[in-house]
Amino acid sequence: MSHKAQSAPDSGPALVTAQPVAAHGRNDRRNPGMALAPEMFEGHAVNRSAAERRAETIVKRRSVKKESQAAWLINAIRCMDLTTLAGDDTAGRVHRLCAKARRPLAPHLAEALGIAGMGLTVGAVCVYPTMVAHAVAALEGTSIPVASVATGFPAGLMPLKLRLEEIGYAVGEGAHEIDIVITREHVLTRDWSALYDEVAAMREACGHAHLKAILATGDLETLRNVYAASMVAMQAGADFIKTSTGKEGVNATLPVSLIMVRALRDYGLETGHKVGFKPAGGMKTAKDALAWQILMKEELGNDWLTPKLFRFGASSMLADIERQLEHHVTGRYSAGHRHALA
Amino acid sequence: MSSIAELVETMDYGPAPESPQIVNDWLAGHANGFGHFIDGGFTEPGETFEVISPATGATIARVTQGSAADVDAAVRAARSAQGKWAALSGHERARWLYALARRIQQHTRFLAVLETIDNGKPIREARDIDVPLVARHFYHHAGWAELVETAFRDAKPVGVCGQIIPWNFPLLMLAWKIAPALAAGNTVVLKPAEYTPLTALAFAAICEEIGLPRGVVNIVTGDGATGEAIVGHEDIDKIAFTGSTEVGRLIRRATAGTGKALTLELGGKSPFVVFADADLDAAVEGVVDAIWFNQGQVCCAGARILVAEAVADRFGALLRERMTRLRVGDPLDKSTDVGAIVHPVQLARIRELVAKGVAEGAELYQGTAPDGCFYPPTLATGVEPASTLATEEIFGPVATLTTFRTPKDAIALANNTRYGLAASVWSENVNLSLSIASQIKAGVVWINCTNVFDAGAGFGGYRESGFGREGGREGMWAYLAVPGPKPARSDDAPPSIPPAPGLGGAVVGIDRTAKLYIGGKQKRPDGGYSYPVTHSRGAALGLAGHGNRKDIRDAVEAAHSASGWGAATGHNRAQVLYYVAENLAARAEEFASRIKSFGASSAKANQEVEAAVRRCFWYAAQADKFDGAVHQTKSAHVTLAMHEPLGVIGIACPTPFPLLGFVSLVLPAIAMGNRVVAIPSQTHPLAATDLYQVFDTSDVPGGVVNIVTGERDDLARTLADHDGVDGLWYFGSKAGIAMVEQRSAGNLKQSWCENGGARDWSKSEGQGRVFLHRATQVKNIWVPYGE
């Protein structure tokens with residue numbers, strides 16, 4: 001594959017350059033996007049069998065134990081978009097979630113783990129647009145950003161005008177991050193310019209809020225589609241690419257994640273911009289938390305183990321992590337009811 | 001230990017050690033040394049040598065150096081057990097193999113940890129790859145034991161098998177040897193490598209634990225001298241060896257003329273071909289699995305990376321980046337990718353070869369490795385086809401990277417090797433990848449994957465990578481024998497044929513010149529000599545060309561040029577063979593009178609011609625039917641076992657049955673797509689030379705059948721020595737058999753030798769599938785699928 005970057009403001013040979021850090025969990029050198037460049041993804045080969053083989057073995061090639069495991073699980077909390085996206089969400093429910101986001105670990109555990117001074121919180125709280133105001137209020141005084149899904153989540157089949165207005169609404173309510181969904185039809189029919197224009201318009205509507213593009217990879221089915229959609233979303237200026245809404249038949253999987261992180265690596269090599277990655281849906285265990293972090297470290301390196309560039313979209317994973325951390329502290333297996341509900 | 005808060009910042013993996021405690025305790029319990037496992041029990045330790053753990057350099061055990069007497073005791077035990085073991089029903093043997101498979105699974109972690117400590121391979125590989133494959137191999141062959149009586153009708157076990165295995169996959173190679181041997185009803189004497197004998201001894205303990213009938217499995221430890229004692233033992237029926245091509249050659253020579261069956265799984269320098277349309281990230285991971293698996297100490301390691309020039313820069317960059325993430329070190333750490341080199345001697349060999357490569361101009365890109373018996377992952381560029389690093393098997397974590405321009409170029413580079421074990425092809429284009437797979441000369445071709453193994457598929461090489469297969473149906477044939485003809489009463493050593501005038505009487509009729517037949521043309525013998533052909537009672541019949549080594553050279557040349565024959569469809573070849581039958585039948589009278597002229601009765605002569613015509617029909621029928629299989633291996637994989645011709649086969653025909661002997665050997669060979677250089681019956685070559693006109697009129701392409709008359713053993717010697725001959729069938733004298741087997745060691749061509757007088761070619765033993773098996777080799781092509 002050989003192609004030229006159409007806009008490469010700080011292009012260098014490698015991905016990694018030091019960047020100033022500002023607000024909590026934000027990548028402040030945002031991906032500005034570039035003109036649509038189909039040559040960066042059309043004809044790009046993705047071999048599913050090989051991807052599955054890599055995904056299967058990558059987690060068997062690395063093992064994280066004892067103190068390191070505790071540290072990795074704490075990092076997973078740091079990178080977690082603690083999420084509630086249910087039809088029965090209420091202000092009260094969101095308050096409870098935000099309380100957990102502020103203090104994801106019981107103080108005695110944080111103490112025992114020697115991280116009491118770290119001010120550990122989750123990476124963000126992720127809710128529906130009408131719940132943003134409740135979340136913002138509940139998180140006042142913290143630097144935890146509020147993420148809102150938008151654009152007719154989860155199917156996205158609303159008129160574009162309304163979807164853009166929804167983004168404006170969520171930003172107006174105080175959301176710092178917008179998790180948009182793409183129109184899957186554009187990928188399935190290979191209408192790349194329609195997809196590009198849509199995401200670019202959404203990015204513009206986000207303003208200062210960061211845009212996470214949900215590809216709904218379960219609907220796209222093939223890994224070639226996933227690679228192409230990832231690339232178009234990044235070219236259109238996505239700050240993050242995200243696997244799933246959590247509502248598709250198949251949500252975050254390691255093979256799909258592998259192809260998305262390779263796409264964002266390739267985008268970075270071409271443009272010099274770092275884009276974040278967010279797997280979402282279906283990850284429930286501490287073991288999953290380790291697996292995805294191993295994937296990020298092996299394929300991209302440590303930069304993608306911080307909330308600026310990596311988030312887990314998960315709701316029940318935290319509970320399992322807490323139990324594992326308590327086990328680490330006490331040496332006894334823990335039980336779920338001992339930990340505060342999210 | 002850093003604090004958790006610090007670790008959150010560094011996000012290092014930290015140590016993840018696998019505990020060696022249980023294995024260490026077991027080893028401590030054998031601190032006095034291990035004996036051999038003979039006749040169902042362990043012997044007292046004898047003269048012992050040290051076994052070291054390469055990762056630490058520590059001595060972990062002492063094992064007994066097997067003496068000739070030890071080997072003899074083991075062979076005697078195996079011999080006395082063999083009859084009973086073979087007499088068990090397949091089902092009963094299946095239960096024993098099943099028990100072995102079960103126990104291996106029950107002791108899985110013990111075996112993995114022991115293997116890692118003894119060999120230096122990463123625990124991940126021993127745990128996730130080696131040991132599961134070992135169990136799978138025994139399960140699979142429990143199945144073959146159950147089915148052998150019906151699936152391989154008429155076949156019998158070979159008898160007592162001597163098996164010598166290497167140090168790179170100690171337990172897995174043991175499984176590949178013992179499981180099929182036992183399933184088929186053989187008993188074994190196995191010698192593990194001197195560097196890595198411990199899992200074989202643990203396996204022996206498992207045999208003891210399940211109460212396997214004594215003498216069925218015997219394990220003798222020791223070095224090369226012990227191996228020599230096995231190879232040289234008179235009462236062993238078959239030698240199976242996995243190891244270096246160099247030692248394989250010695251074994252071929254040592255067993256020549258002894259009547260021992262032999263299979264060899266030898267070295268390789270396998271190509272890893274990446275086309276421009278490949279998933280390059282996938283191919284990079286493939287390289288990791290190809291050459292940095294097991295420290296590159298893999299006979300089928302994809303050591304020669306060939307990449308399309310169009311994507312070479314990007315591929316190289318991705319590969320170098322990937323190399324930075326390889327972790328080299330403690331094999332017992334669960335996050336280690338590359339462990340210890342098996343022994344300091346091997347490390348020194350790797351260093352020496354790489355230094356030589358650098359002196360020849362290679363540039364190295366290397367990862368890092370700790371001090372001790374470790375070697376960093378290495379990528380060598382600037383390596384030309386003639387360089388040491390491109391031709392020598394390094395058996396270490398060293399890959400070369402070379403570019404190619406076109407598919408044709410890729411094939412030429414891929415096949416530019418003496419070896420032919422395996423190959424890996426990366427392309428998203430199914431036409432391209434299958435076309436490359438069909439053209440690469442290797443026993444295993446992996447498309448978009450590499451180093452994938454399963455007991456259900458055959459593994460083994462072409463060319464100097466050896467012969468015989470392990471795994472699958474084809475692997476079972478390595479431990480079965482179709483009973484051949486009864487031993488001949490006399491040796492097929494024809495009288496000498498002085499190529500001088502004045503020895504025969506006058507010829508009746510017009511004098512005919514039987515020339516040689518090379519490349520579809522009649523050729524005078526290079527030497528310009530002829531020899532007399534006589535009636536059995538001495539009357540002169542005419543002269544035949546006295547071919548010499550240059551005629552053989554020309555014939556082999558012509559055979560090579562006719563390579564299109566192998567690519568023709570089975571149907572096309574069948575048509576030609578039917579046509580041969582048609583023309584032969586049309587001239588039946590002429591051939592019968594020719595045979596009569598040698599002294600046969602009229603009835604016998606007619607029978608021989610009639611049988612020859614039938615044989616043409618039978619092999620014509622087989623030409624498009626003796627096909628391969630699709631093996632049941634892994635999910636979402638098509639594993640194709642294709643029957644391919646050997647290439648150029650030399651055939652030295654027996655003295656009796658001058659027409660039928662020739663036809664019965666040449667036809668199966670060409671039906672399967674081989675080209676042959678045949679030496680007809682030395683005494684009565686004229687029946688074969690009469691066939692020129694039949695071949696000419698039957699559309700047999702020039703060069704497919706070449707005939708050189710003359711002194712059989714002299715010409716066979718030239719064929720045996722010839723590195724461009726892929727197989728040699730010799731039906732002749734005892735001395736000739738020894739000579740052919742001895743000299744075939746040069747390029748390790750497959751030889752098939754028999755007393756020329758043993759087979760009655762007019763009977764059913766003169767034709768059959770066994771001839772077709774001999775005429776083909778199995779190539780396994782792995783094609784994973786999924787989108």
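**Figure 1. Helices and strands of chain B in the predicted model.** Chain B holds 28 helices and 31 strands. Both are DSSP runs numbered from the N terminus: H or I over at least four residues for helices, E over at least two for strands. The radius of gyration of chain B, taken over C-alpha atoms, is 28 Å, close to the 28 Å from the globule rule for 787 residues, so chain B is as compact as a globular protein of that length. That rule is 2.2 Å times the number of residues to the power 0.38. The C-alpha trace of chain B spans about 105 × 60 × 45 Å along its principal axes. This is a predicted model: local features need pLDDT of at least 70, side-chain atom pairs count only at pLDDT 80 or more, and totals for chains, interfaces and linings use all residues. Residues are numbered from 1 along each chain as its sequence is written, while chains are lettered from A and ligands numbered from 1 in the order in which they are written.

**Figure 2. Burial around helix α27 of chain B.** Of the 787 residues of chain B, 58% count as buried (20 or more other C-beta atoms within 10 Å of the residue's own, with C-beta atoms placed from the backbone). Helix α27(B) covers residues 734–743; Gly736(B), Ile737(B), Met739(B), Val740(B), Glu741(B) and Arg743(B) are buried there. Their cover includes α10 (245–255), α26 (712–721), β29 (727–732) and β30 (750–755) of chain B.

**Figure 3. The contact between chains A and B.** Chain A contributes 33 residues and chain B contributes 33 residues. Two residues are in contact if their C-beta atoms, placed from the backbone, lie within 7 Å. On the chain A side, α1 (48–58), α2 (66–78) and α12 (286–299) each supply at least two residues. Helix α2(A) gives the most, with eight residues. The chain A side has 14 nonpolar, eight polar and 11 charged residues. Nonpolar covers Ala, Val, Leu, Ile, Met, Phe, Trp, Tyr, Cys and Pro; charged covers Asp, Glu, Lys and Arg; the others, Gly among them, are polar.

**Figure 4. Packing of helices α6 and α8 in chain A.** Helix α6(A) (residues 160–173) and helix α8(A) (residues 192–206) pack at about 30 degrees, with axes 9 Å apart. Axes are lines fitted to C-alpha atoms over the stretch in contact, and angles run from 0 to 180 degrees between N-to-C directions. The two helices are therefore roughly parallel (angles under 35 degrees). The contact uses Leu160(A), Leu164(A), Ile167(A), Gly168(A) and Val171(A) of α6(A), and Glu198(A), Ala201(A), Met202(A), Ala205(A) and Cys206(A) of α8(A). By class, this contact has eight nonpolar, one polar and one charged residues.

How values were computed
Buried ≥ 20, exposed ≤ 12 C-beta atoms within 10 Å, placed from the backbone. Parallel < 35°, antiparallel > 145°, perpendicular 65-115°, else oblique.
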